[in-house]
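Dear colleague,

Please find the structure below, together with its sequence.

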Amino acid sequence: MMSLLQTEIWRVGVINASIQDVARAPSLEHFPITWIGADKSLCFLADPFGLWRGGKLYLFAEAYDYRTRRGHIEAFVLDKDFTVLEKRVVLKEDWHLSYPYVFEAEGEIWMLPEGYKSGRLTLYKAVAFPWRWQAEPRFSFPDAAIDATPYFHDGRWWMFYTPPAPKAARTNTLKLATANHLFGPWNDVPVQTLREDIHGARMGGTPFILDGKLVLPTQDCSRTYGGALQLLSLSASSLAHPSLSQARRIEAPSSHAPFNNGLHTLAQAGPVTLIDTKRTITGSPHRLAIELIRLGKRGKKVNT
């Protein structure tokens with residue numbers, strides 16, 4: 001649980017450059033970035049993913065409110081200049097939602113958000129893109145995977161994910177499953193666990209090809225949750241028996257201050273790249289007041 005003395009606020013950004021160019025650059029400092037933040041206090045936007053349609057960028061992100069301590073998914077429609085034309089809540093459940101991984105397959109658009117507190121991994125289909133989504137009953141996955149990231153290669157689906165238990169695994173373990181079909185059945189590949197390292201294991205964006213290698217953006221949580229991105233590389237042709245190697249590490253540059261305390265998403269959306277960065281507020285009176293009210297309500301329920 002996050003300390004009441006520290007409040008993390010994330011914002012999402014659109015970089016007008018390919019994910020390969022961003023991955024090769026020594027720093028994010030010199031890229032032009034269009035930032036989108038929450039429009040309410042003690043709220044944030046994180047985990048951006050997106051698709052282009054008809055000259056517009058459809059961006060999906062976790063919208064978190066400290067008042068409810070729960071995230072839901074919001075969609076933003078941006079024009080070619082990255083001006084927000086419209087935004088709406090598109091997915092809200094009785095549990096926390098984040099990491100709205102959107103992708104196309106079999107003539108449909110899908111979203112695979114993180115919702116491990118529901119006890120399962122749920123795939124949603126766009127029934128009226130981008131505003132209406134419906135759970136796909138044919139999809140089944142053997143774990144309530146965290147930040148599940150599908151990748152289609154050589155006629156098979158591969159799923160990179162982090163298990164929900166034990167607790168330490170949520171930031172230091174990367175696993176891989178495979179299936180002939182998106183709906184499953186999914187089976188772990190012979191190498192059950194690809195990596196156990198808090199410096200880079202939990203997925204943090206879209207896999208992409210760089211210089212003939214498959215690159216996985218993963219989160220470095222060694223200093224703080226989502227403190228930076230550690231890129232891992234492997235040969236796509238060896239997914240059945242993968243061998244990972246570390247590539248470069250990407251941090252939010254100091255010039256982004258105060259939003260330079262974390263960076264945990266790197267996602268490809270056609271010709272642009274989506275990121276998020278974090279600032280940490282220490283000793284927020286507003287946050288403390290909200291938590292005291294919540295504790296007071298909890299105490300009343302216990303005494304009734």
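This is a predicted model: local features need pLDDT of at least 70, side-chain atom pairs count only at pLDDT 80 or more; totals for chains, interfaces and linings use all residues.

Residues are numbered from 1 along each chain as its sequence is written, and side-chain values use heavy atoms, with hydrogens and water left out.

The second largest pocket holds about 360 Å³ of space. Of its 18 lining residues, Leu51, Tyr101, Val102, Phe103 and Glu104 are the closest to its centre. (On a 1 Å grid over the protein atoms alone, a pocket is an open set of points with protein on both sides within 12 Å along at least five of seven lines, a cavity is a set where a 1.4 Å probe fits but cannot get out, and lining residues have an atom within 4 Å of a point. A volume is the space filled by probe spheres set on the points, which are joined across faces, edges and corners.) Strand β3 gives the most to this lining, with five residues. Strands are DSSP runs of E with at least two residues, and helices are runs of H or I with at least four, numbered from the N terminus.

The structure also holds one cavity of 30 Å³ or more. Among the residues that line the largest cavity are Trp95, Arg120 and Tyr124.

(Patch residues have over 30% relative accessible area and no salt bridge, and nonpolar side chains, namely Val, Leu, Ile, Met, Phe, Trp and Tyr, are joined within 5 Å; a salt bridge is a side-chain nitrogen of Lys or Arg within 4 Å of a carboxyl oxygen of Asp or Glu; areas come from the Shrake-Rupley method with a 1.4 Å probe.) Leu292 lies in helix α3 and is exposed, at 52% relative accessible area. (Exposed means over 50%, buried under 20%, and partly exposed in between.)

Most residues other than glycine have a negative phi, and most peptide bonds are trans. Asp47, in strand β3, has a positive phi near 55° and is buried at 6%. The peptide bond from Gly184 to Pro185 is cis, with omega near 5°.

Yours sincerely

Conventions: Buried means under 20% relative accessible area, exposed over 50%, partly exposed in between (1.4 Å probe, protein chains only).
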